[in-house]
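Please keep the sequence and the structure in view while reading.

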Amino acid sequence: MKKLFSLILAVAMLLACASALAEGAVTLTYAEVNPIEGTVVGDVALAFKDKLEELSGGAITVDIQASGVMGDEKTVLANILGGDTSVDIVRISAFALNQYGAQKSVFLTLPYVFTSEDHYWNFVASDLAKEFLAEPKEVGLPFNGLAYGEEGFRHFFLKNEAHTIDDLKGLKIRVSDDPIMTGMVSGLGAAATTVSFGELYSALQTGVVDAAEQPITNYLSNSFQEVAPYLLKDGHTLGTIELIATDAALAKLTEEQQAMVQEAADYAMQVCKESVTAKQAEAEKTLIDGGYHVIEVEDKTPWQEATKDVLNANIAGMEDIYEQILALQ
């Protein structure tokens, strides 16, 4: 009888714990514009989800909405600023914050700032990166910067073969709605054309644009090689990424859980660092094996010269930060 009573008591305690856990359960919606499968950002999303759910003991569930289901980055950010709370965690390209007053993030999208991926990860580990992450809150934006990562260097991909800057002149090249990318493309002698990411495949297919640019993994995972089979590896910018959490999301959590979100973000970016090299090599091999054209730019000096105006215009008044970044090589 005593054993039966003990068993009943144990079951009751387990049910009480489960009920308490259910009452305190929180679901965070995570928005990603790219597919999960085969992408660096997919690895980041899954790592964040797994780690946060592990740290919280299941009290926090992460619902990943990938492939642009919640809209492109611009739309998601605009919705958040408008008070929408349907998204809690967003993986964005670092340049997405430039237009909202986060001026320091401009350095993460300017052409040829980072000489290598090691250079960038030195920045990520620096106090300077922490200053950059804090900037959204400093300028009054309703979200918090959590951590930085990267998808690899961004390259141009084209419908027709190209090897030099001269081959880009006059082409319609897709850019996001970002003045830096527009200035860079214009400096190369091409016509910057704004097209949403979700419409890019059809824009290439129908000739609305002649070319675009992305990290090699995104180029492959979105099947852009089917309509633009020439990849020109100029590495004009690094595909820097950032995880942000909305104020509304963090308000749903205890201070302890907020610390878990930060720990999960830091962990996800370590996974990113390990993933990016392997994913890029794998993607390039897949393209070459598939008969697509991967063209190396051996001398980047002419490209740097052609884009120096947009660089100089955007670091004006912040030259000291630029020097600090260069010193991290």
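## Burial and the predicted model

A residue is called buried when its relative accessible area is under 20%, exposed when that area is over 50%, and partly exposed in between. By this rule, both Phe-157 and Tyr-219 are buried.

The structure is a predicted model. The mean pLDDT of the chain is 92, and 93% of its residues reach 70 or more. Over residues 9–22, however, the pLDDT is below 50, and this stretch has three contacts in the model beyond near neighbours in sequence.

## Aromatic pairs

How many aromatic pairs does a search of the whole structure find? The search finds eleven. In one of them, the ring centres of Tyr-30 and Phe-48 are 5.7 Å apart and the ring planes meet at 45 degrees, so the pair is tilted. Tyr-30 belongs to strand β1 (residues 26–31) and Phe-48 to helix α2 (residues 40–55), so this pair ties together parts that are 18 residues apart in sequence. Tyr-30 is buried, because its relative accessible area is 0%. Phe-48 also counts as buried, at 0% relative accessibility.

Phe-157 and Tyr-219 form another tilted aromatic pair, with 4.8 Å from centre to centre and 40 degrees between the planes. Since Phe-157 lies in strand β4 (residues 143–158) and Tyr-219 in helix α8 (residues 216–221), the pair ties together parts that are 62 residues apart in sequence.

## An aromatic cluster and charges over rings

One aromatic cluster is formed by Phe-107, Phe-114, Tyr-120, Trp-121, Phe-123, Phe-132 and Tyr-148.

Rings also take part in arrangements with charged side chains. The charged end of Lys-51 sits over the ring of Tyr-267, 4.5 Å from the ring centre. Likewise, the charged end of Lys-300 sits over the ring of Phe-153, at 5.8 Å from its centre.

## Helix α10

Helix α10 covers residues 255–289, which makes 35 residues. From its first C-alpha to its last, the helix reaches 50 Å, close to the 51 Å expected at 1.5 Å a residue. Where does α10 bend? The bend is at Ser-275 and amounts to about 35 degrees. Just after α10, Gly-291 takes a positive phi of about 85 degrees.

Most residues other than glycine have a negative phi. Which residue has a positive phi of about 60 degrees although it is not a glycine? Tyr-112 is such a residue, and its place is in the loop between β3 (89–93) and α4 (117–124). With a relative accessible area of 13%, Tyr-112 is buried, because this value is under 20%.

Ser-223 is also a residue other than glycine with a positive phi, here near 60 degrees. Ser-223 is placed in the loop between α8 and β8 (230–246). At 23% relative accessibility, Ser-223 counts as partly exposed.

His-236 has its place in strand β8. Is His-236 buried or exposed? His-236 counts as buried, because its relative accessibility is 1%. Leaving aside neighbours within four places in sequence, His-236 is in contact with Leu-110, Pro-111, Tyr-112, Arg-154, His-155, Phe-156, Met-181, Met-184 and Glu-213.

Ser-196 is found in the loop between β6 (191–194) and α7 (200–206), and it counts as partly exposed at 26% relative accessibility. Apart from neighbours within four places in sequence, Ser-196 is in contact with Asp-72 and Arg-174. Ser-196 and Lys-74 are 122 residues apart in sequence, yet their C-alpha atoms are 9.0 Å apart in space. Lys-137, in turn, is in helix α5 (residues 127–138) and is partly exposed at 36% relative accessibility. Not counting residues up to four places away in sequence, Lys-137 touches Pro-142, Phe-143, Asn-144 and Asp-247. The C-alpha atoms of Lys-137 and Ala-102 are separated by 9.1 Å, and the two residues are 35 residues apart along the chain.

How values were computed:
Residues numbered from 1 in each chain as written. Predicted model: local features only at pLDDT ≥ 70, side-chain atom pairs only at ≥ 80, totals over all residues. Heavy atoms only, no water. Helix = DSSP H or I, 4+ residues; strand = E, 2+ residues; numbered from the N terminus. Expected span 1.5 Å × (residues − 1). Bend = angle between axes of the 7 residues up to and from the residue. pLDDT = per-residue confidence, 0-100. Contact = heavy atoms within 4.5 Å. Buried < 20%, exposed > 50% of the residue type's maximum accessible area, 1.4 Å probe, protein only. Phe/Tyr/Trp six-rings, centres within 6.5 Å; stacked < 30°, edge-to-face > 60°. Lys NZ or Arg CZ within 6 Å of the ring centre and 35° of its normal.
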